[in-house]
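This briefing concerns the pairing of charged side chains in one protein. Please have the sequence and the structure at hand while reading.

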Amino acid sequence: MRTLWTCIAAVALIGGGVTEASAEPTRKELLERDGIVWGSPDVWNTPFVENLSEDAKIAGLSRLWMEVKLNFPRFAVVSELDWDKTYFGYLPRVRATKTTYEYYKVLQEMMALLQDGHSGVFLPDELARRMEASPPLRLDLIDGRVFITRVDSPALEATGVTAGLEILKVDGTPVVGYANQHRRRYVGSNTAAHRELTVFAYGLLAGPLDVPVELTLRAKDGRVSTRKIARGGYSDIKDAAPFRFRRLPGGIAYVAINTFNTEAVQSEFERLLPELRSMVGLVLDVRDNDGGSGAIALNILGMLMDKDFPTIPWRTREYAATLRVWGQAGGWYEQTKDKAVWKGGPADHFAKPIVVLTSTRSFSATDIFAATFKALGRGLIVGQPTAGGTGDPLVFALPGGGTGRVSTSGVVDNPLIGRGVIPDVAVARTARDFLAGRDATLDAGVAALERLIRGK
């Protein structure tokens, strides 16, 4: 079995490399090796309190500003943003906060200015559970309308809250206005489509755990009703399966991989290979996959290849202090194409035609998977463009138990970031198809695969 880090060369963009275990270096050895010790966890891992001290708040803001200033690779995309000026502008706002929750919301708003899906701030667990609980509903933005597309609590579903209901209002406010007021300023992403999806489909109904959310809903037959739905207290939540397989008519295999965040999907795909090889083609669905480990994603892609294959080259910021004195500050370290290679070519690889289904939810490691698949010409991509964001995020602690993260890398000679992987066969998702129970993307994917099987 391929392990998580099976590769020929370390590729930082998609997970990093492997080094042999060694003794923990001393502080002196770290300083001699790196010049500076990055991170002092004991200093930053302060306990949660309802209102952090002003010193702690300023320290957290300063660390956020510093990590972004040093590591963020895409300032050119937001060239109008003066990060130093932003820092000074947020100092009085941070000082004015009266609670730790207010403080973290200010930090989230500041990070959203970067418009990067891998750069942001996450609340301390205590606040996330208590202040931003969400009912177990999956939402989707389809044709500019917000629908419930899955209910993850059978008990809630039994009350009549079912997939197919359209959300018209939240707490009495039209859904667009509510999202603009409560979500938009805290959300940043690399493409407009993924940003809109994030605004309306992730966290739209989040709020205090003990306060129900009131939804005005429209059923398929046009009837409108208002329901108050608890944000928490569900003991029967069922998570979506990370891996699904079924046989389609005509000997076509359908595999949905809904995350790259667990080695179990890699193991299950490898276990399934003998059965897959007996079929005429494969529809590989990553529409609901918002990423995880790039190494897992590429290990699975390696099982579809007859030889080792190039991945997407990457680059990251590089800084030499003395060169700055000489007026030569800045630059880039790039992973060259000849080193961005991954292990493929197993004797039992799947060699038959493949179609990959993508959507705006296909993010991060799934962006890399789709971009590499397309660059290799291994098959066709069908559906909607991917989210268009990746970047090896650096995660760091903030006072009170929260965390920040910032992208550190970008791709080279590929328009992936800020654009997404463009499908070979574009299929728009429509409210009409959704309400009729039609999966137009899957239908188009099967049709495209049948053409490949026939050699057309």
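The notes below describe selected salt bridges and their surroundings in this predicted model. Side chains of opposite charge can pair when their charged atoms come close. In this structure, the count of salt bridges comes to 25.

**A pair within helix α3**
- Arg-63 and Glu-67 form a salt bridge, and their closest N and O atoms lie 3.6 Å apart.
- Both residues belong to helix α3, which spans residues 54-71. Because Arg-63 and Glu-67 are four residues apart there, about one helical turn separates them.
- Arg-63 is buried, and Glu-67 is buried as well.

**A pair between helices α3 and α4**
- A salt bridge also links Lys-69 with Asp-84, with 3.0 Å between the closest N and O atoms.
- Lys-69 lies in helix α3, whereas Asp-84 lies in helix α4 (residues 83-96), so this pair ties together parts that are 15 residues apart in sequence.
- Lys-69 has a relative accessible area of 34% and is therefore partly exposed.
- Asp-84 counts as partly exposed too, because its relative accessibility is 31%.

**A buried pair and its network**
- Arg-138 and Asp-140 form a salt bridge in which the closest N and O atoms are 2.9 Å apart.
- Asp-140 has 3% relative accessibility and so counts as buried; Arg-138, at 13%, is likewise buried.
- Arg-138 and Asp-140 belong to one network with Asp-288, Arg-361 and Arg-429, joined by salt bridges that share partners.

Key
Residues numbered from 1 in each chain as written. Predicted model: local features only at pLDDT ≥ 70, side-chain atom pairs only at ≥ 80, totals over all residues. Heavy atoms only, no water. Salt bridge = Lys/Arg side-chain N within 4 Å of Asp/Glu carboxyl O. Helix = DSSP H or I, 4+ residues; strand = E, 2+ residues; numbered from the N terminus. Buried < 20%, exposed > 50% of the residue type's maximum accessible area, 1.4 Å probe, protein only.
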